Each structure stands twice: as C-alpha cells, then as structure tokens.
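Here is a short briefing for a first look at a protein model. Keep the structure open as you read and find each part in turn.

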Amino acid sequence: MSVATVTLKIDGVEVTVPEGTTILKAAKDSGIIIPTLCNLEGLTSYGGCRLCLVEIMGSPKLFPACATPVSTGMEVITQSQKLKEYRKMAVQMLLAERTHICSVCVANDHCELQSLANQLGVDYVMFERAWTSHEIDSTHDFLVIDRNRCILCTRCIRVCDEIEGVHTLDLKLRGKDAQVIMDLDDHWANSCSCTSCRKCAKVCPVGAIYIEGEPLSHTKHKDVAEFIMERRQRKRRQ
Amino acid sequence: MKKTRLATIWLSGCSGCHMSFLDQDELLIDLAKLVQLVYSPIADIKVFPENVDVTLVEGAVANEEQLNMLRQARARTKILISLGDCAVTGNVTALRNAWNNSDQAVLGRAFVENANVNQQIPTDVPRLLKKVHPLHEVVKIDYFIPGCPPSAGVINYVLTELLSGRTPNMEGRSKYG
C-alpha cells in the first residue's frame with residue numbers, strides 16, 4: 001500500500017512526509033524543534049498554547065504548526081524575530097494568568113513552561129500578574145490538582161478521554177476563569193469514573209497535577225500517550 | 001581609571017540574592033578592581049548616595065519605606081537591575097496578593113489571630129502596601145536577572161558585560177525558581 005506524500009520546505013530544507021501530516025510533526029521528523037506546551041504526540045491537536053505559531057510564505061497570517069496540515073510547495077519558517085517576539089509574549093501571558101511561582105512549585109526544574117521561559121529569554125513579565133486563588137483539590141488518595149498552576153493546555157483532559165477512555169476530566173467556565181474539573185465538578189475523591197491511572201499527572205507540562213509524595217522527576221512521563229497508541233496500533237495489525 | 005559606582009539594596013527578600021552575589025567568591029576580587037561599593041547591606045553606609053552607576057535591587061516592594069527607597073535609588077542610578085525572582089516577579093513575597101486587603105490579612109493573622117498577648121497590629125513600623133509589587137511595576141528597570149536565587153555565575157556575567165560596555169543577553173542563561 002503506497003501512501004500519498006507531500007513535499008514542502010521547512011526553514012529552507014526540503015522535506016517529504018505523508019499527506020495529512022502536521023507542520024509540527026513534519027518539522028520534528030526532520031530535526032527541527034518548534035516549541036509547544038499543549039501538543040503531545042499520541043493525542044489530538046488542540047492548538048491552544050499558540051507557541052508553535054509559524055510563518056508560511058505568501059501569507060501575512062501566523063499558523064499553529066500543530067493544527068496545520070502540510071501541503072505541496074508550502075514554505076514554512078519556524079524561526080524568526082517576529083515569531084520569537086510572539087512566543088515570548090505567549091509565555092508571558094501564561095505566566096501572568098495564574099500564580100506561577102517556580103521557587104515554591106513542585107515542578108521546579110521539571111517544568112516545560114519554566115524551561116521554555118528560560119530558553120526564550122523571558123526575563124520578566126510585562127503584564128500585571130493575576131494572583132489567583134483557585135481551589136486546590138487534594139482529596140484523592142495520591143493525585144493533587146493545583147489549578148493556580150494550570151496553563152489550560154488540556155493535555156490531562158485529552159489523555160483521560162482519548163487514551164484512558166474514561167473522560168473524568170473536563171473544563172468548566174471560559175477564558176481566564178476556565179478550570180479543569182472532575183466529573184460534574186465534584187471533588188476528585190468522589191469521582192466514580194476516575195481509574196487513578198495517573199496519566200494526567202504524567203503528561204502535565206507544569207506542576208498543576210502531580211502525585212503526592214513522589215518527585216516529579218519520577219512521575220513525569222509525557223511520552224505515555226505516544227507509547228500506548230503505538231502499542232495499540234501494533235496489536236491491531238497482528 | 002575611574003571606578004564604576006556600584007550599589008546593592010535589599011527590599012522584601014530573604015537575602016539569598018545577596019548571598020549569591022557574595023558567592024562569586026574569587027571573582028569578587030576582580031570585580032573590586034573595577035567597582036566601588038557605595039551602598040549595600042554588606043557595607044555600613046546610611047544614605048543612598050548620588051551619582052550611582054549600577055544598582056542591584058533584591059526583593060519586591062512590600063511597604064512604603066521600600067517604595068521610597070526604590071524611587072530614590074532610581075533617581076540616583078544610571079542602570080537599575082532587578083536581582084532575583086522577588087524583584088522580577090514578586091515571588092514568595094507576593095503570594096499574599098491572592099487575598100483581598102492582603103496587608104491587613106497578613107498583619108491580622110500574625111499579630112492578632114496568632115498572638116496570645118497584646119493582640120494589636122503594630123503602627124510603629126513602615127506601613128505595608130495593599131499589594132506586593134515587582135520592581136518594574138513601580139519604576140523603570142534596565143535589566144532583569146531572574147532566579148531564586150540567581151546563580152553567582154549569572155550575576156557575574158551581567159556585571160561583567162555591563163562593565164565592559166556590552167548588553168547582557170539572558171537567553172538560555174537565567175532561570176526562574
């Protein structure tokens with residue numbers, strides 16, 4: 001069975017990938033890393049964090065690489081001064097939106113937001129910070145959610161729905177007030193659908209969902225979704 | 001050669017940034033050849049002087065005295081630098097901002113709720129501001145050195161660059177937390 005392919009240019013390099021591939025995946029496969037916080041291989045694209053924005057020659061618009069499929073003849077630019085400024089601004093907005101204090105966070109040194117801020121040289125936040133006091137739910141035996149550290153990437157929601165298949169987690173409210181909830185906005189301990197599989201804690205890019213008493217260096221395992229999807233496909237082929 | 005006039009000030013922070021500054025160890029000897037320390041918590045000088053070239057500020061602005069101190073330092077300094085997470089973001093010092101009327105809330109908690117005798121909010125100390133502010137919310141800041149604390153290496157890098165007339169580039173160098 002032959003797969004239709006598409007040839008395009010990413011940062012001047014010619015790349016050939018299967019039809020339907022996203023720009024983010026095509027770039028990754030040819031060794032070009034585009035920053036992202038919400039995208040995770042094995043899960044559907046969400047396009048929420050806006051860090052993977054890229055330029056496409058001939059268009060004044062910016063495109064989210066994780067949600068834009070490649071097309072023949074496309075010329076993509078993943079690194080430019082303009083993109084860098086936008087990415088820095090996106091990180092600053094995320095830092096300003098909730099109470100992100102690295103020095104007292106369980107994810108200090110193991111946080112994708114923190115490491116991206118450092119890489120991009122975000123040395124201060126130009127926006128006034130919202131000092132939020134959203135509820136911290138530690139009612140579950142070992143899973144904890146601190147909504148003040150959440151960046152609303154929805155990785156936890158997607159892994160819970162698409163991989164574990166139980167859809168315990170979802171969002172309530174909108175914009176800056178949005179919050180990850182369990183079942184019909186119940187305490188975690190009362191959730192009848194949660195299987196305590198820990199995948200939400202494994203994929204959380206920040207310190208919002210974590211396992212009590214365990215260092216994040218042990219519990220972060222963001223490749224879990226990709227790993228399980230590969231295993232499932234292999235099994236189906238057998 | 002005329003020495004660069006360097007000052008460091010300590011607002012609401014834990015002094016960790018100053019410890020990190022001192023942690024430059026033998027590099028301080030090289031630094032001392034280039035700068036004159038004109039004001040600092042580690043030097044016994046009472047008044048913030050005029051004509052300062054570079055001032056490193058540790059800590060966030062949490063009370064009126066600090067607000068005045070920072071404004072004075074800004075007026076008398078060419079290059080003002082936010083040193084460390086409290087100065088840059090508010091950090092732990094600013095966690096009280098999550099409460100409404102946080103100045104009264106923290107004072108009430110400390111001096112009334114948890115006091116066994118003389119339950120009263122002190123009036124003979126500088127008045128707390130309603131909110132804790134990172135420095136750039138109050139005055140113009142020229143450079144930021146995040147970190148809790150920033151490493152001695154990063155502090156030395158920024159000072160060395162500035163003393164050589166170059167602009168420090170924090171990309172990949174600094175680290176929050």
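The points below cover a sheet, a helix across it, a chain contact and some backbone details. This is a predicted model. Chain B holds an open sheet of 5 strands. Chains A and B also touch, with 23 residues from chain B and 20 residues from chain A in the contact.

**The sheet in chain B**

- Follow the strands of chain B in the order β2-β1-β3-β5-β7. Their pairing is parallel.
- Strands of a sheet pair through backbone hydrogen bonds, and the pairing can be parallel or antiparallel.
- Which strands stand at the edges in chain B? They are β2 (35-39) and β7. Each has a single partner strand, so one side of each has no neighbour in the sheet.
- From one strand to the next, the twist averages 25°.
- Look at one pair in detail: β3 (residues 52-58) and β5 (residues 77-83) of chain B are joined in the parallel sense over 6 bridges.
- Within that region, Leu56(B) is placed opposite Ile81(B), a residue of β5(B).

**A helix across the sheet**

**Where the chains touch**

- How many residues does each chain give to the contact? Chain B gives 23 residues and chain A gives 20 residues.
- On the chain B side, helix α4 (residues 85-89) supplies the largest share, with 3 residues.
- That side of chain B divides into 10 nonpolar, 9 polar and 4 charged residues.

**A cis peptide bond**

- The peptide bond from Cys148(B) to Pro149(B) is cis. Its omega is near -5°.
- Where is Pro149(B)? Pro149(B) sits in the loop between β7 (143-145) and α6 (152-163) of chain B.

**Positive phi values**

- Asp109(A) has phi near 80°, a positive value in a residue other than glycine.
- The loop between α2 (81-97) and α3 (112-120) of chain A holds Asp109(A).
- Is Asp109(A) buried or exposed? Asp109(A) is exposed, because 12 other C-beta atoms lie within 10 Å and 12 or fewer counts as exposed.
- Asn101(B) also has a positive phi, near 45°, and is a residue other than glycine.
- Find Asn101(B) in the loop between α4 and α5 (102-113) of chain B.
- Asn101(B) is exposed too, with 12 other C-beta atoms within 10 Å.

Note on methods:
Residues numbered from 1 in each chain as written. Chains lettered and ligands numbered in written order. Predicted model: local features only at pLDDT ≥ 70, side-chain atom pairs only at ≥ 80, totals over all residues. Contact = placed C-beta atoms within 7 Å. Helix = DSSP H or I, 4+ residues; strand = E, 2+ residues; numbered from the N terminus. Nonpolar A, V, L, I, M, F, W, Y, C, P; charged D, E, K, R; others polar. Buried ≥ 20, exposed ≤ 12 C-beta atoms within 10 Å, placed from the backbone. Pairing = 2+ DSSP bridges. Axes fitted to C-alpha atoms, helices over the stretch in contact; angles between N-to-C directions.
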